[in-house]
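Visitor: I would like to go through this model with the labels in hand. Please tie each label to its cut-off.

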Amino acid sequence: MRYISERSNDPGLLVLTSLADGPKHGYAITVDVEQFAGVHLGPGTLYGALSRLESKGLIEALPAEERRRPYRLTADGSAALEQELQQLQTVTRQGLDRLRVAAVAR
Amino acid sequence: MRDGLEPTTTSATLARLALRLYPLAYQRRYGEEMRSLLEDQPPRARTVVDLLRGAARAHLKPGDAPAGVVGPADRVRASASAVLLCWVFFAAAGFGYYKTTENFGTASRLHPLVRDAHLAVQALALIATATVVLGALPLIVKALAQARRDPSLRRTVALALLPVIVFGALTAVVIAIAHANGPNANGSGAGGGMAIAWGIAGLACGTACVLACRAALFATPIAPDRLRVALVAGTTVTGAMVAIAAATAVYAIAINLDASNLAAQSNGPYQLLSVTASLIVTVIVMVAAGALATVAVRRGWRVEGQLAST
């Protein structure tokens with residue numbers, strides 16, 4: 001399938017979604033994203049996203065566990081994720097409704 | 001299997017090297033985590049590409065970098081060593097320019113613009129080389145003094161010297177072979193291959209030397225004044241690089257306008273390029289090295305005022 005939009009595959013959105021149910025470290029985020037979105041985040045993409053999200057205050061690092069450092073959503077991060085997902089949901093609902101109407105009309 | 005789907009030892013080595021291409025702030029903040037991730041998920045060819053893309057993006061968007069990880073002294077150390085690395089690649093392009101134009105004395109005498117551009121390149125190259133030596137000397141002296149007291153630093157200092165010795169020995173061998181084969185041996189056949197191998201070895205040895213110097217620089221306590229001198233030297237070298245690139249571009253244009261017969265001649269190992277194409281490649285490498293060095297010194301100057309407080 002050819003993607004029209006990559007918005008739902010945005011690494012930042014995928015990382016925020018992965019952290020929505022609790023803190024995770026890099027490897028756990030990669031495995032989780034691969035499971036729920038079918039997208040493999042390479043280390044460069046993953047840590048680029050983590051750095052961007054951290055600098056915007058949307059996630060925060062927890063104390064390191066050996067060499068791994070877990071991350072969790074901040075309050076701003078939760079709000080930003082909810083807003084983004086609601087926008088996507090609106091677009092999804094609109095798109096599906098219109099396709100249904102068009103199919104009936106045909 | 002080498003289709004990029006399976007992890008390989010080469011991919012693992014390349015991935016570890018790619019991590020070192022990240023800006024210092026990223027290496028310090030995320031380096032250990034990324035290395036741990038690479039151990040959990042053995043890297044493939046696409047992992048290396050992903051890391052290279054991530055490193056490039058991190059350099060291009062410094063606003064996303066983790067804050068407060070790199071102090072002003074280390075920022076200036078990183079700037080100085082980045083300028084030195086740019087200088088290695090710039091010098092390689094400069095050597096290409098020298099080899100391309102070494103027999104163009106007649107054109108220089110007949111055409112004033114060609115002569116003036118050539119003189120400008122030579123004068124600026126001398127200034128830049130002297131500045132590299134003068135700027136690096138206080139740091140080298142300090143690192144050597146530190147290495148006498150700190151055994152752990154001796155290995156790093158030795159690693160910085162080793163590529164210079166290796167390249168010196170290699171150059172001696174190449175010169176001996178070239179003398180044994182007589183003149184014009186480098187234009188084709190084994191001579192051309194040897195020239196290309198020598199050039200690649202030079203860049204590899206130069207890069208290895210700068211990386212070891214960088215490691216020694218970070219392990220050596222250096223007074224703010226000496227770091228400031230290094231930053232001024234780096235800025236002067238960067239200015240000279242930009243000016244040399246401009247003078248080389250003027251030379252390339254002038255030789256095309258005034259001595260088109262020379263510009264069309266075949267040039268380089270295996271006579272692969274024309275003189276014009278060689279000069280264009282030279283200018284592109286010079287401009288790229290000058291631009292990267294400019295970015296590096298700008299980052300250094302941004303924190304220069306905070307050096308006294310370190």
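**Where the two chains meet**

Guide: Gladly. Chain A puts 20 residues in contact with 24 residues of chain B. The model is predicted.

Visitor: How much area do chain A and chain B bury between them?

Guide: About 1900 Å², with 47% of it on carbon and sulfur atoms. On the side of chain A, the residues that lose the most area to chain B are A:Pro43, A:Tyr47 and A:Arg67, together 37% of what that side buries.

Visitor: What makes B:Glu32 and A:Arg67 a salt bridge?

Guide: The cut-off is 4 Å between a side-chain nitrogen of Lys or Arg and a carboxyl oxygen of Asp or Glu. For B:Glu32 and A:Arg67 the closest N and O atoms are 2.7 Å apart, so the pair qualifies. This pair crosses between chains, from helix α2 (residues 24-40) of chain B to the loop between β1 (59-61) and β2 (71-73) of chain A.

Visitor: Which salt bridge do B:Glu39 and A:Arg67 form, and at what N to O distance?

Guide: Their side chains meet at 2.7 Å, N to O. B:Glu39 lies in helix α2 of chain B and A:Arg67 in the loop between β1 and β2 of chain A, so this pair joins two chains.

Visitor: Why is B:Glu39 called exposed?

Guide: Exposed means over 50% relative accessible area. B:Glu39 has 54%, so the label holds.

Visitor: And why is A:Arg67 called partly exposed?

Guide: The class runs between under 20% and over 50%. A:Arg67 is at 31%, so it falls in between.

Visitor: Why does B:Glu33 count as buried?

Guide: Buried means under 20%. B:Glu33 has 6% relative accessibility, so it is buried. B:Glu33 also forms a salt bridge with A:Arg69, with the closest N and O atoms 3.5 Å apart. B:Glu33 lies in helix α2 of chain B and A:Arg69 in the loop between β1 and β2 of chain A, so that pair joins two chains as well. Salt bridges that share partners join A:Glu54, A:Arg69, B:Arg29 and B:Glu33 into one network.

Visitor: How many salt bridges does the rule find across the interface of chain A and chain B?

Guide: Five. Over all chains, the count is 18.

Note on methods. Residues numbered from 1 in each chain as written. Chains lettered and ligands numbered in written order. Predicted model: local features only at pLDDT ≥ 70, side-chain atom pairs only at ≥ 80, totals over all residues. Heavy atoms only, no water. Contact = heavy atoms within 4.5 Å. Buried area = accessible area lost by both parts, 1.4 Å probe. Helix = DSSP H or I, 4+ residues; strand = E, 2+ residues; numbered from the N terminus. Buried < 20%, exposed > 50% of the residue type's maximum accessible area, 1.4 Å probe, protein only.
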